[in-house]
Amino acid sequence: MSDPVPTVKFLGLTFNVANDLSILITCLIVLLFVFLLSRHITMKPKGGQNVLEWLVEFTNGIVKGSIKGNDASHFGLFAFSLFLFIFVANQIGLFIHIQVGEYTYVKSPTADPVVTLTLSLMTIALAHYAGIAKNGAKAYFKGYLAPFKLFLPLNLFEQFTNFLTLGLRLFGNIFAGEMLLTLISGLTSSDNWVSYLYSLPVELAWQGFSVFIGSVQAFVFVTLASVYISRQLSPEE
């Protein structure tokens, strides 16, 4: 069971303070990271510029692997921003976990299904918008009747499952990792020095593995996002 989080109400809406703070910190880290690496852009890249250009080429490669032709260039910035945000969001709870009393104020935002499903909804909505913008509304809606009109319920259900699986896959991996890390940390902080000796290496090892899992999940999310966008741009494929 996850730790309780503080909430505030504004204009009849309830806001999760932990999510809001964690997302804000994630965005600031991403902004600061890109700003520092792009301060001194030169024709012959070196240092931080090399890292930034490698990241851009890496995310562009993900997009071009799914989206063909000139359409890929339209989604390069989206993939780059999405990858960095999810990567940092996945890791932040491992290194910056702030708990005051019984309430958690900072954790991995992607350990909350509301955040991951919002990212999923945003991605699916962008894919459908791109499909309509390129192929027109008539061709878009006609695609739900292919190959036969009887396939309409199945095609609609497929879009719903794409939305669910994209968000819940990310949430499940990050949430499970943080929960297990919390249990291991509880052993590390116990008064029994024997428990401390064997649990500390386990905690360090699991943190390293969690960094790897978080990186993979950011890659998987952006890859699937590119695939879904590609399907809407070229439904005949």
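A cavity is taken here as a set of points, on a 1 Å grid over the protein atoms alone, where a 1.4 Å probe fits but cannot get out, and its lining residues are those with an atom within 4 Å of a point. The model is predicted, so that local features need pLDDT of at least 70 and side-chain atom pairs count only at pLDDT 80 or more, whereas totals for chains, interfaces and linings use all residues. Residues are numbered from 1 along each chain as its sequence is written, and side-chain values use heavy atoms, with hydrogens and water left out.

By this rule, 1 cavity of 30 Å³ or more is counted. The largest cavity holds about 40 Å³ of space, the volume being that filled by probe spheres set on grid points joined across faces, edges and corners. Its lining consists of Val63, Ile67, Phe75, Phe78, Ala79, Val222, Ala225, Ser226 and Ile229. At least two of the lining residues come from each of α3 (76–95) and α6 (193–233), helices being DSSP runs of H or I with at least four residues and strands runs of E with at least two, numbered from the N terminus. The most is given by α6, with 4 residues.

Strands β1 (residues 7–10) and β2 (residues 13–16) pair in the antiparallel sense over 4 bridges, where pairing requires that DSSP finds at least two bridges between two strands. Phenylalanine 10 has leucine 13 in β2 as its bridge partner. The two strands form a hairpin with 2 residues between them, and leucine 11 in the turn has a positive phi of about 55°. Leucine 11 is exposed, because its relative accessible area is 73%, and exposed denotes over 50% (1.4 Å probe, protein chains only).

Notes: Buried < 20%, exposed > 50% of the residue type's maximum accessible area, 1.4 Å probe, protein only. 1 Å grid on protein atoms, 1.4 Å probe; cavity = no way out; pocket = protein on both sides within 12 Å on 5 of 7 lines; lining within 4 Å.
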